[in-house]
Amino acid sequence: MATFVVLVAAIFTAILTGGASEDVSSGARSTRVRRQTGELRQEIPAEFTQIYQGSVYNGTEDIYRYTYTQNESSPRAIRVEVKSKGANEDYPLLFVVRQQRGILSWQVPLMIRGIYGYDKVSRTLCPMDHLQVGVKDEKETVYLEVSAASPTALNYRVNATILTDFSLSTGQSRNFLVSPSQPMYYAYKMPSDLDMVVVKVSSPSNLCAVFSLQPIKCPVYDLDRNIEFVGIYQTFMQKAAITVQKSYFPNGEFYVVVVVKATDADCTGEMETIQPANPSDEAFEMRRVKEVNVVVGPSITDSQYVTAVFVGILVFVLFYVVTFMVLFIQWIRQRNAELEGLAPRPEEQAATSAGAPINAQRTEPNYGATGWDRVKSQSVLDSAFTEGLSLNHITILGKKLSKNTSLSSEKEANISPDKPNTDPYTMGEQPVESKPGIPPTDQLNGPPGPPSAPPSRPAQPKSYPKPPMVHTLSDSSMEDDIDMLDDADEDKDIYRTKTFLYVADLARKDHRHLSQKYNLYSWNLLTISVFYALPVIQLVITYQKMLNTTGNEDICYYNFFCAQPAGDLTAFNNVYSNIGYIMLGVLILILVYRRDYTHQKKVDAGDRYAIDYGIPKHFGLFYAIGIALVMEGVMSGCYHVCPNYSNFQFDTSFMYIIGGLGMLKLYQTRHPDINANAYAAYASLAIVIFVAVIGVVFGTPYFWAIFSIVYVLAILALTAQVYYMGRWRLDMGIFHRMYLLIRTDCLQCSKPMYWDRFVLLLVGNIINWSLALFGAVAQPDDFASFMLAIFIINFLLYFVFYIVMKLRSGERILWVTVGLIIITLFCWTLALSFFFKGVTTWEKTPAQSRLDNKACVLMGFYDDHDIWHFTSAISMFCSFLVLLMLDDDLDYTPRDKIPVF
């Protein structure tokens, strides 16, 4: 009975396999394997390139025996191709390859992710040539076993070939076809003269594939389900590259493995409709066939690597050399002039050109004073009321004098011309030409009241009485202790709402306490930086270790076509190129410290021009800007250790801070009394960074709608704050006051009360409302860059307005500053041209980001983004120098002649 069943099965198998020969590839010999009656297991001596057709069913097995000679000097591999149209998922054909050191098995149809079945499978067997070092001309036998559990016979076709071109050579290009069921890999060994190579793959197709480098060992993981188990790998669509060092793989040998994904979801991020394959549908399999080109090229040599690193730091060392040379030349010239007794006196020349007497004594400072002459208090009051200032009292030297105060109140005010005064910031006499608020008739010609002119003044400044001070430098620098001058608070409504303001009107607070207030910017920023940087460094190191451990290079968005590794860092060049921010940030701190030190020496020496003339010198914000530039280099370097979607804010956070501090410094220049304090400024910037994170993570249409509304409201609030110099409040009466403002200022006036501010705020509102509308409509993917663009645009707007108003007010810009502005514009243009080229983008998937990858453009080491780092660092450095030197032309101009805008 059993013999009869076997005979029937054999006849049935012969019928099913009758047309199998039609499926034989042209140019290859075909042999039909026939099973003897009653034979369940047969071994067939097989030859390479010979196509064998046969059938198996439950209980039967065909074994093909291949023999070949190993050749270590020219490694070869065996590739097996099998196909079966009769097998299905329930009764598949099982193929097992037995080699000397391993077993490889698969089934047909080959199921990918349990859904997609492929009835044609091609696999490359792990070559023994690489594993048996020193063994030559030894025969190797490979067994291919075919079996099935089907109750009916399943036909199949098998073909084995030897790949003689299995090894890749440096610079050699190799083209081949791959699919989910037909992966491909080749072997490569680095020459002895190379320590690092770049393996590049490219394809004209957008099909999603995986590209892997694996060590020379068996088994080789070449299927979609296991290719990520070992080595280094990337997903790609049209191109990808991996830079590998010889030390990463033993003897510099590795396999280059490529396999196509069953779907494109891993590369596009979009889920696809699942369409199970019909094993008989060859068109389905052809849809996932991808043409791939592989080439292994040399990376830069060690000497080129070191040279590129050295040149990168040398560029910024030159900034230090040039800066110190200029400073040294200035010091030598000044020193020689002093030794020869020919030291020029620029203050005398400036004072003469300004109409001030050269022998004028030290001026009465404007910190706490408004230009009132102390000669006669009654004249001061009369002058005040002549100008229409409705005040019930004024403050002189910390004492309140009513309108009926007698002329003898000088004693009550603790003024004694005979008492010496050593405090440079106390109020002594002020030149008559610098009295804001006093009519011209009371200035150069002297007040009309006194019968005699003031006594003659010596050429050198002399001491004056020190008024009673509420606080000293030893007091706490807490924010509540900053504003100590009572008159500055009680009369600020009068001065800040004048139609035309001068710096003297907004520089009435005590200089020392304001300096302490602005120093909080730098100290607070140092604290923020430490607490922010430490967890960031820890996180990016963890990312890098994870990448090195798993080999998953999809974790980080590098420019893989120009990624220069160093140690554990995959893209050292992207990290190292941030050194410009750090070095130039430190140089900014040095220059600011020099200015601060020089100014303080002049103040200690009683130089009236350092105390009472020019823009009030507060360096706290400049120190904060220098620290922010250094931290931008540190944080950008941390971000580029492993740039990705999760840590993008590391690169942009201090950009926001730099932009915000730049605007605050420009505003503080002529508004020293009313600038924001450090706590409010950093709290606002923290909110901005928080909104940026929310916008990237939850950038839905609802978010954009809410953001646009809040953005417009914030602009309106800031407009009111700037227009009214802080003299407004937000309460339930705000709408009534807005109605009165529109009715009086807008409908009944020919022009606004504060015209210059109105023009600035009008243009600013138009631009910012346009940005809000653009965001709500376009909803750009990169919300962080959108926020940064808002900061940059507003800073540029205010800077241009400042320059225009400065020139419109009759002030001049020193030629050195003009040259710096031109250099800055050129550097920013160059920097932005490299920035917008874009070599990566974390808004997309890693495979899509690699479409933007580009080769190195400078010294074979730096890419476009590295040059952006260099040029933007130089641009920021020059920008801050412009801010530092912009008002140097006013150093010998009285503050009551410097307009506020």
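The entries below record what I looked up.

**Entry 1. The model**

I noted before anything else that this is a predicted model. I therefore treat each value below as computed from a prediction.

**Entry 2. The disulfides as a set**

I asked how many disulfides the structure holds. I found 4. I then numbered the bonded cysteines of the protein chain in sequence order and read the pairing as 1-3, 2-4, 5-7, 6-8.

**Entry 3. Cysteine 126 and cysteine 218**

I looked up cysteine 126 and found that it forms a disulfide with cysteine 218, the sulfur atoms being 1.6 Å apart. The link of cysteine 126 and cysteine 218 is left-handed, with -90° about the S-S bond. Cysteine 126 lies in the loop between β10 (120-124) and β11 (139-148), and cysteine 218 in the loop between β17 and β18, so this pair ties together parts that are 92 residues apart in sequence.

Cysteine 126 has a relative accessible area of 6% and is buried. Cysteine 218, at 27% relative accessibility, counts as partly exposed. The cut-off explains these labels, because buried means under 20% and partly exposed lies between that and 50%.

**Entry 4. Cysteine 208 and cysteine 267**

I recorded a disulfide between cysteine 208 and cysteine 267, with an S to S distance of 2.0 Å. The torsion about the S-S bond is about 65°, so this disulfide is right-handed. Cysteine 208 is in the loop between β16 and β17, while cysteine 267 is in helix α2 (residues 265-268), so the pair ties together parts that are 59 residues apart in sequence. Both cysteine 208 and cysteine 267 are buried.

**Entry 5. Cysteine 556 and cysteine 642**

I turned to cysteine 556, which a disulfide joins to cysteine 642 (S to S 1.8 Å). With -90° about the S-S bond, the link of cysteine 556 and cysteine 642 is left-handed. Cysteine 556 sits in the loop between α10 (511-550) and α11 (572-576), and cysteine 642 in the loop between α14 (620-641) and α15 (649-668), so parts that are 86 residues apart in sequence are tied together. I found both cysteine 556 and cysteine 642 to be buried.

**Entry 6. A cysteine without a partner**

I asked which cysteine sulfur is nearest to that of cysteine 827, which is in no disulfide. The nearest is that of cysteine 878, 4.9 Å away. Cysteine 827 is buried, with a relative accessible area of 11%.

**Entry 7. Strand β18**

I examined β18 and found that 5 of its 5 residues are buried, so the strand is largely enclosed by the rest of the structure. Ile232, Gln234 and Phe236 point one way from β18, and Tyr233 and Thr235 point the other way. I then looked at β17, which runs antiparallel to β18 and is joined to it by 5 bridges. Serine 212 has tyrosine 233, in β18, as its bridge partner.

**Entry 8. Aspartate 222**

I located aspartate 222 in the loop between β17 (209-215) and β18 (232-236). Its relative accessibility is 0%, so aspartate 222 counts as buried. What does its side chain meet in a polar contact? I found the side chain of arginine 123, at 2.8 Å. Leaving aside neighbours within four places in sequence, aspartate 222 is in contact with Arg123, Pro183, Tyr185, Val257 and Val259.

**Entry 9. Valine 201**

I found valine 201 in strand β16 (residues 196-202). Valine 201 is buried, with a relative accessible area of 1%. Not counting residues up to four places away in sequence, valine 201 touches several residues, among them Phe211, Phe236 and Val294. I also compared valine 201 with valine 296: they are 95 residues apart in sequence, yet their C-alpha atoms are 8.8 Å apart in space.

**Entry 10. Helix α17**

I checked the length of helix α17 (residues 701-723). Its 23 residues should span 33 Å at 1.5 Å a residue, and the end C-alpha atoms are 33 Å apart, which agrees. Buried residues in α17 include Phe703, Phe707, Tyr711 and Ile715. An α-helix has 3.6 residues a turn, so residues three or four places apart point the same way.

Definitions and conventions. Residues are numbered from 1 along each chain as its sequence is written. This is a predicted model: local features need pLDDT of at least 70, side-chain atom pairs count only at pLDDT 80 or more; totals for chains, interfaces and linings use all residues. Side-chain values use heavy atoms; hydrogens and water are left out. Helices (H or I, at least four residues) and strands (E, at least two) are DSSP runs, numbered from the N terminus. Buried means under 20% relative accessible area, exposed over 50%, partly exposed in between (1.4 Å probe, protein chains only). A polar contact is a pair of N or O atoms within 3.5 Å; within protein, one must be able to donate a hydrogen and the other to accept it, and residues adjacent in sequence count only if both atoms are side-chain atoms. Contact means heavy atoms within 4.5 Å. The expected span of a helix is 1.5 Å times one less than its number of residues. Two strands pair if DSSP finds at least two bridges between them. A disulfide is a pair of cysteine sulfur atoms within 2.5 Å.
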